[in-house]
Each structure stands twice: as structure tokens, then as C-alpha cells.
Amino acid sequence: MYSGRANAPLDDLAKLIGFPGKLGMDGSKVWEAYQQGKLAEIRNYCETDVVNTYLVFARFLLMRGQFSKARYEQEIELVRSNLAKSSEAHWAEYLAAWK
């Protein structure tokens, strides 16, 4: 059970914690989207991936004791409130999926 292939995908971790995870696209679809000229969709996918990564990292810091519960909640609210300020549709979709 101990191998270099044992991992937990970001999408699974994010969803397990209660974050939206990947919406509409995953890494396996990027090349096809690029070939079709869908650069905006790729950008949106990458942006949401970065936010998912940060949110999972914030939870990791909480679990390690590097963030207090209050600091963790502050970080989560900071992300949520900043995304809510955006007029871009992918952030509205992301926030709607965030429970």
C-alpha cells in the first residue's frame, strides 16, 4: 500500500473538505481545449485550480496547527468575499457550488 502512485487528487480533496473542486474541465481536457482555441476556458480552469489549491492548503495549515480556527475561517472568508466581487461567470459558478 506504500507506493509513489498513492495520492489524493486535488479535486477529490477539495470536494471532501466542502469546496467546489473542478468545474467543467480537468487537466485531461486542456490540450483539446487549446486545440479548439478555448483559451478563456483554460484560464478559468487554471484560476479555479489555484483557488482550490489554496483552500486545501489553508485546511492543511489548520490541521498542522499553523492556523488557528479563527485564522482559517478568516482566510476562507477572504477568498469567498474576493471571489464575490468578481463579475466573471466562472467565479459565480464556483461560489454557487461552494457549500
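Here is a friendly set of questions and answers about the predicted model shown above.

Residues are numbered from 1 along each chain as its sequence is written. Because this is a predicted model, local features need pLDDT of at least 70 and side-chain atom pairs count only at pLDDT 80 or more, while totals for chains, interfaces and linings use all residues; side-chain values use heavy atoms, leaving out hydrogens and water.

Me: How many helices and strands does the protein have?
Reply: Helices (H or I, at least four residues) and strands (E, at least two) are DSSP runs, numbered from the N terminus. From that end, the elements run α-α-α-α-α. The tally is five helices and zero strands.

Me: What does the C-alpha trace of the protein span along its principal axes?
Reply: The accessible surface, from the Shrake-Rupley method with a 1.4 Å probe and, for residues, only the protein chains shown as cover, comes to about 6900 Å². Carbon and sulfur atoms hold 57% of that surface. Along the principal axes, the C-alpha trace spans about 45 × 45 × 20 Å.

Me: What percentage of the 99 residues in the protein is buried?
Reply: Buried means under 20% relative accessible area, exposed means over 50%, and partly exposed lies in between (1.4 Å probe, protein chains only). By that rule, the buried share of the 99 residues is 29%.

Me: Which residues does tryptophan 98 contact, leaving aside its neighbours within four places in sequence?
Reply: Contact means heavy atoms within 4.5 Å. Tryptophan 98 is among the core members that touch the most others. With those neighbours left aside, its partners are Gly18, Phe19, Pro20, Leu55, Ile76, Val79, Arg80 and Leu83.

Me: Is aspartate 49 buried or exposed, and which side chain does it meet in a polar contact?
Reply: Aspartate 49 is found in helix α3 (residues 39–64). Its relative accessible area is 17%, so aspartate 49 is buried. A polar contact is a pair of N or O atoms within 3.5 Å; within protein, one must be able to donate a hydrogen and the other to accept it, and residues adjacent in sequence count only if both atoms are side-chain atoms. At 2.6 Å, the partner side chain is that of lysine 22.

Me: How many salt bridges are there?
Reply: Side chains of opposite charge can pair when their charged atoms come close. A salt bridge is a side-chain nitrogen of Lys or Arg within 4 Å of a carboxyl oxygen of Asp or Glu. One of them joins lysine 29 and aspartate 26, with the closest N and O atoms 3.9 Å apart. The count comes to seven.

Me: Which residues are linked with Arg43 in a network of salt bridges?
Reply: Arginine 43 and glutamate 47 are four residues apart in helix α3, so about one helical turn separates them. Their side chains meet in a salt bridge (3.5 Å, N to O). Arginine 43 is partly exposed at 39% relative accessibility. The residues linked with Arg43 in the network are Glu47 and Glu88.

Notes: Core = buried A, V, L, I, M, F, W, Y, C linked by side-chain atoms within 4.5 Å.
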